[in-house]
Amino acid sequence: MISRAIFPNIKSLNNTYIINRSLKCITNSLYISKRLRPYINYDNWISLQKKNQSSLSNLQNIKNIDLSKFPAENIRNFSIIAHVDHGKSTLADRLLELTGTISSNHSHQQVLDKLNVERERGITTCSMFYKYKDKDYLLNLIDTPGHVDFNYEVSRSLVACQGTILLVDASQGIQAQTVANFFLAFNEGLTIIPVINKIDLPAAEPDRVINQVESTFELDTSEISLISAKSGLGVDKILPSVIEKIPPPSGDVNKPLKAFLFDSWYDTYVGVICLMEIVDGKLQKGDKIVSAYSEKMYEVIDIGIMHPEQFTTGYLHAGQVGYVVCSMKVAAEAHVGDTFYHIKNPVDPLPGFEPAKSMVFAGVFPIDTNEFNRLDESITKLTLNDASVSIQRETSMALGQGWRIGFLGTLHMDVFKQRLEEEHDANVIITQPTVPYKIVYRDGTAKLIRNPTEFPEPMELQNKLSELQEPMILATIILPEEYMGSIIDLCGSRRGEQIEYNYMDESRVIMKYSIPLAEIVTDFHDELKSRSSGYASFDYEDMGYQISDIVKMNVLINKKPVDALATILHRSQVANVGREWAKKLSEVIPKQLYEVIIQTTIGGKVIARETIPAMRKNVTAKCYGGDVTRNIELPQKAFYDFLSKGSGTSKKK
Ligand SMILES: Nc1nc2c(ncn2[C@@H]2O[C@H](COP(=O)(O)OP(=O)(O)OP(=O)(O)O)[C@@H](O)[C@H]2O)c(=O)[nH]1
């Protein structure tokens, strides 16, 4: 699949850096799934392409292409949605090859595949030219990120399409992300074309999967395509069905400009590059446009299509999708879902826009405090293009200077950590992830708590508190029936409430649970996989806030609270977690010359206590006068051991 770098920009807002939305690809170059090439039966595939030669407008011809020859009725904007690994990238490659947009010869194998994890979530658009029944078509394939953390981005890129290919693996059948993506597309009113992939696999059960598609989505499967994206089998049927089934965009070129931004990235040479769908009107080089969200004005410097890289056309008109380089200096100003209009012709923005929302927060601290400045530079660079990360400086008594970073979800956080370590050679401590809790006061005001240290002690809330709330998610879990018991136990232990369950076929079950977000940000996914031998799939969507009996637990070492270890828990978890943490800390803190007392407390009430006896009984202890309140230097290593191995699994009841 093609992929592209997004190097974020930073906007300083008081002391907070809000980094613009959209963690996507890291490479700024063409990526073609090299891992697939050796398996393709090239003879068949190339002969299939040759058959299509007459219908191709290949790269050489693009110089003669005049976009004005593509009115809306000759345009189709579509995407491919699928569960992870069901073959989305492979199919996209085949379609690009089939239309001559990329060549299928082996020279494309040398690919800049710098960072796998990053590549996975690129939103990439590519325009293809295709002749069908003697008519030339402009087909815009809009790729979507493949992970639950990026649901908002997926939904916005779907808005730029009129239809989508719902790709399902013939051996695995419908999985949780298939369901989540289906509903995102369904809610946007898109035409959905189901396609069954991997029919070459010995374990393929296309009939069974067709039944699942019918019963789960009530889609018409009478003309369903059965394909092998790997060998190319059946792929030539896809584009004709895209043209016949998906409606053309309905925009009007004579109306005032309405341009919809669904992706952006930062290019060191030209600045911010936006991907936009021109919903109505026409946009051309030199035009002055305004963001409906920020009301900032920009001048269009370059405009064109992605084919697969930027190809300047000088304009785009209603229904077309392409890139726009304007005088936008920082990617933080490119808000996914924003609408742009001509400066003299304001229009109503398209609905559904939401500013970036971090849902998982963690403290990041250098292990070696001398590394702070270097790490600060690395974090700034890394987040330059990531609008969905929020950063705030944080000072911890225990861990020194660091940052409080907000992510879209845990995968997003893992990617960030991995990049920091791999690309910037950083050694960091990342504190236990936490979610934003809400305090609603009696006077009607509300405060979001993103860091447990900000959570008021019970005394401070007296006579002021109306209610405490925590963020909830609606989880979709699909699994073979035999694992149901174990997964129901798991969801129960994470304060989950079953909303419904249904059989998708005689042996597979789809369950819906409402679960507090805090319960899935640590090890829920790993636990789900291990309890179901890898067969359960999981996806979730935001369910807003719900009243909850949450409390802040402090950890005291020799009576002094350790700020970096404060955590917010549901009251039902306090006894267990309190005991567990005290015990684990007593295992990772080395013996001192004096006694070390570890306590976990809630509002001054001790939940658990552990004592690490002094190293040896000698006069030294006496010299210190047995002062248990003395401040011990908790070694960084102890923190590291505790935070990286210790606290993650501890929220289980
Ligand atoms: N046998 C077989 N394997 C396939 C087929 N299509 C894709 N694959 C394999 O399935 C794996 C995943 O394919 P991708 O195209 O990367 O899937 P994806 O949906 O883009 O995955 P993500 O990018 O991780 O979301 C790769 O190992 C492919 O070689 C197919 O038709 N038959």
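Select Ile 165 and then Ile 193 in strand β7: the two are bridge partners. The model is predicted, so local features need pLDDT of at least 70 and side-chain atom pairs count only at pLDDT 80 or more, while totals for chains, interfaces and linings use all residues. Residues are numbered from 1 along each chain as its sequence is written.

Now widen the selection to β6 (residues 163-169) and β7 (residues 191-197), parallel strands joined by 7 bridges. Strands (E, at least two residues) and helices (H or I, at least four) are DSSP runs numbered from the N terminus, and two strands pair if DSSP finds at least two bridges between them.

Next, select helix α5 (residues 176-187), which packs on the sheet and touches β3 (75-82), β6 and β7. Contact here requires C-beta atoms, placed from the backbone, within 7 Å. The direction of α5 makes about 170° with that of β6; axes are lines fitted to C-alpha atoms, for helices over the stretch in contact, and angles run from 0 to 180 degrees between N-to-C directions.

Show the whole open sheet: its 6 strands follow the order β4-β5-β3-β6-β7-β8, with mixed pairing.

Finally, go to helix α13 (residues 574-588). Which of its residues are buried? Val 577, Gly 578, Trp 581, Ala 582 and Leu 585 are, buried meaning that 20 or more other C-beta atoms, placed from the backbone, lie within 10 Å of the residue's own. Look down the axis of α13: the buried residues fall within an arc of 130°, so they line one face of the helix. The arc is that of the directions from the helix axis to the C-beta atoms.

Note on methods:
Contact = placed C-beta atoms within 7 Å. Expected span 1.5 Å × (residues − 1). Buried ≥ 20, exposed ≤ 12 C-beta atoms within 10 Å, placed from the backbone.
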